[in-house]
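Have a look at the fold before reading on.

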Amino acid sequence: MAGLSLYFEDGHDDLDDFGFDDYGSECDGIRITAFLDAGQDNLTPLGRLEKYAFSENVFNRQIVARGLIDVLREFSDNENDFISVMETVVRMSEDAEPTVRAELMEQVPNIAMFLHENRPNFPAAFSRYLVPIVVRYLTDPNNQVRKTSQAALLVLLEQGLICKADMEGKICPVLLELTEPSSDDDYKIEAVAIMCKLVTMLNKDTVELLLLLRFCELCSDARLFQVRKVCAANFGEFCSIVGQEATEKMLMPKFFDLCSDSLWGIRKACAECFMVVSNCTSPEVRRTKLSPLFINLISDQSRWVRQAAFQSLGRFISTFANPSSTGVHFHEDETLHEIPKSTEKNERKGSCSDASSDRFSGSPASPGKSKIFSDTVNKPSQASEDPNHSRVPSSIKSQTTDSDLRQPESLNTTQDQQTGDLFDSFHYWRPLLPDISQDLELLQGKAKDEVQRQEMVKEEETVPDFDSEGPATSSQIQKVLECLQPHLDDPDVQAQVQVLSAALKAAQLESHVDDTDQDVLVSENGNTENPISTDKQAEMDTHLLNSQSTSPVLDVSETSSVEAGLTENIVEVKDTNKYEICEEEKSKVQNVIPQQLLDQYLSMTDPVRAQTVDTEIAKHCAFSLPGVALTLGRQNWHCLKDTYETLATDVQWKVRRTLAFSIHELAVILGDQLTAADLVPIFNGFLKDLDEVRIGVLKHLYDFLKLLHVEKRREYLYQLQEFMVTDNSRNWRFRYELAEQLILIIELYSHYDVYDYLRQMALNLCSDKVSEVRWISYKLVVEILQKLYSCGAHDLSLNFINELVVRFCHCPKWVGRQAFAFICQAVVEEDCMPMDQFAQHLLPCLLSLSSDPVPNVRVLVAKALRHSVLEKPYFNEPGSAYSDELEEALSELRMDKDRDVRFFATLDPNRNVLDTAALI
């Protein structure tokens, strides 16, 4: 009640004279400027404004400040009075009461808009009177006034109401002063926030001249972390304004410092703006400097920083995209379109090449692949682990694929050289045979007969030296066994014979799996060196087994054979597993983006990430996957295929929904072949998913189907009917979206398919319980009819028309008959069929509805006849066969008892009338 003192100061008992008594926020009809009306004080309106603007009552001053926009309108006709009002506003801005100043500042944006609209009358009023008030309030001691002025300044900047001269000459100097190192902390923090918002409204030259250096200083403010945090949050805006050169020269060092700040909130802000910063740098800086920096943020000790980094990872990867390599680009309408290139076929061929054809080739299309295997091929210590160098049974070797035989000649030559130098199959299967020359000498010393000693010496000269001649062959082993045969009574000789027999069997097995050249070589050696016969060898083996059945040496020999076989199997398994792991790693290798970034992105589907980083990390991965796929290009789709399939089967429906909404864009990126192979199965799964997922597929059904081949597209004619069934029957928007998509899909199919499949769906949608669904479905029916006539299918068209007449025109419910009237009107307006066909098949039924008992039906009949049918020359030309019938029907409708029917029957078609969609 403190404000009542004002009303009694002038002796006025009737408070309504001032208009203040009933004022409130809920009383929008009260005129705030009522105090300007003539009263008993004999003051002019300007005098009364002065009186209440500087009244001792705070409430009066607040009311005046709140009604300034109305006051200005009252005095806008007279320039002198208007200037007097503006001067009064300036004096009010110096009011000692903070609430008055805050009320005044809240009205500044409205006043500025008013002055902008009346700029011809008052061109410099805003810059002269209001801008200084806004600038002065930025340093107001009252926090509420400062906040209000900051909000008002941002509104003025967003609306473009402050000219460039005022921003450079009045606002920027104040902000620079407030951001000085010696400035008050509160003022500094607030000024930094305003400066970061202001930079988006300024041009590049102004920012570089006035604000860039100060921003770099603020990024390194060691005392106030709030300042650094604001700078980090708005770092991308500064980079976008100043461009690439200034970003790399001046801002990048500061960005590195902010990314390694001790406070996690600042590092998190850097991660959030990383994509914008990356867009402002060169590809080299992006790859060599920003990529390692981003990897550090992903591995940050703070979970919140890691979470922000993973959310920005896909967007950061998208900055590596190059339209010349991706094959697609964005149009002005922000839709993806494929770039026709002559090299597209070569790229697709490179992306679909068989892995078996380049197992160790290191082709240019996949430099990372060759790097993985180059170490294995070149290191001698690992040569025995190479699967290509291992000895396999003949049954397996005979199944070698042609791709292995089609390797380059130079590659095969290199591998043969490495095989001869570093590897020997005999060494691989069995340990080296011991040197038996010393044992033979001992046997010679025990001989008592000189003839026997001479014979031993002669035989010793014929024994080959394995160490000097290299690995022993089958023929050489046979010669040694021949030499030892006369001395089988000696136990030492028997032990040597057992070892050599096992080696001979291994060599014979090897000879069976050698190639033709090796077989020929073995046979030649056998003929030359005259090996022992098979029968003789078998007799010797039998003698050894019978004489030494319990010999420990024989047990050792058998054990060695078993161990050698097990070792062979283990090595083969290890080589196979190693190859499979290498193949899996090789499939993830590319050279478009740093491999570490891709590896981190692929790890977002790991369940461990959901526990340690973010529970919705899979959703962020799905959201950015089209951008990552666009960056890598279709030739590197194999890197993302497994991840996409994992996301498509994620237990969270939000993840699958995200993929469903973007699958059509991914299809454009991948092309028709990869889409048919990899996306169509996932698309089919989405069709059977929850409604929340299916709606994503449905909204872009036309966009996806048009990318498929005709044969594949026809397979979905059956599945389209599944969209008619929803989890919740009240979800009418689902059916509405289906009708909209069917209108677009009609052009993708032949008129036979449209008539056989889409026609019945359209008729069912026309009988929907929700009027919005019926409304759009009537347009679908019209499109189907137009498709049939445009394709020359007159028989099908006539059958469809007869079905419409039976289903709608003769419908017992008035809604159906009303729908028939609308369909007829749309057919005429869209020229879906020749007018003579319309007059013959549809017009008689439409005229019969002019006497329908339901007014809502007659309303649309009147509108169809007056605004559509009679506008066609075929019906309004003199001598038309149907003019009399039309005029007679309209005459009856003009005299209808219903007012709305008479209105549409007599209304001029050129006048804009209300839409009658609500009547359906």
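Start with Asp185, which forms a salt bridge with Arg223; the closest N and O atoms are 2.9 Å apart. Keep in mind that this is a predicted model. Where do the two partners of this pair sit? Asp185 is in helix H10, while Arg223 is in the loop between helix H11 (204-219) and helix H12 (225-233), so the pair links distant parts of the chain, 38 residues apart. As for solvent, Asp185 has a relative accessibility of 28% and counts as partly exposed, because that value falls between the 20% and 50% cut-offs.

Stay with helix H10, which covers residues 185-198, and move along to Glu190. Here Arg146 comes in: Arg146 and Glu190 form a salt bridge, with 3.0 Å between the closest N and O atoms. Arg146 belongs to helix H8 and Glu190 to helix H10, so this pair ties together parts that are 44 residues apart in sequence. Are these two buried or exposed? Both Arg146 and Glu190 are buried.

Gln150 lies in helix H8, which runs over residues 143-158, and leaving aside residues up to four places away in sequence, Gln150 touches Leu138, Glu190 and Ile194. With a relative accessible area of 11%, Gln150 is buried, because the cut-off for that label is under 20%.

Arg214 and Glu217 meet through their side chains in a salt bridge, 3.3 Å from N to O. Both residues lie in helix H11, three residues apart, or about one turn of the helix. Arg214 counts as buried, at 13% relative accessibility.

The structure holds 27 salt bridges, and the ones between Asp185 and Arg223 and between Arg146 and Glu190 are among them.

Finally, zoom out. The protein chain has 52 helices and two strands, and of its 920 residues, 47% are buried. Among contacts with a separation of 6 or more, 69% come from residues 24 or more positions apart.

Notes. Residues numbered from 1 in each chain as written. Predicted model: local features only at pLDDT ≥ 70, side-chain atom pairs only at ≥ 80, totals over all residues. Heavy atoms only, no water. Helix = DSSP H or I, 4+ residues; strand = E, 2+ residues; numbered from the N terminus. Buried < 20%, exposed > 50% of the residue type's maximum accessible area, 1.4 Å probe, protein only. Contact = heavy atoms within 4.5 Å. Salt bridge = Lys/Arg side-chain N within 4 Å of Asp/Glu carboxyl O.
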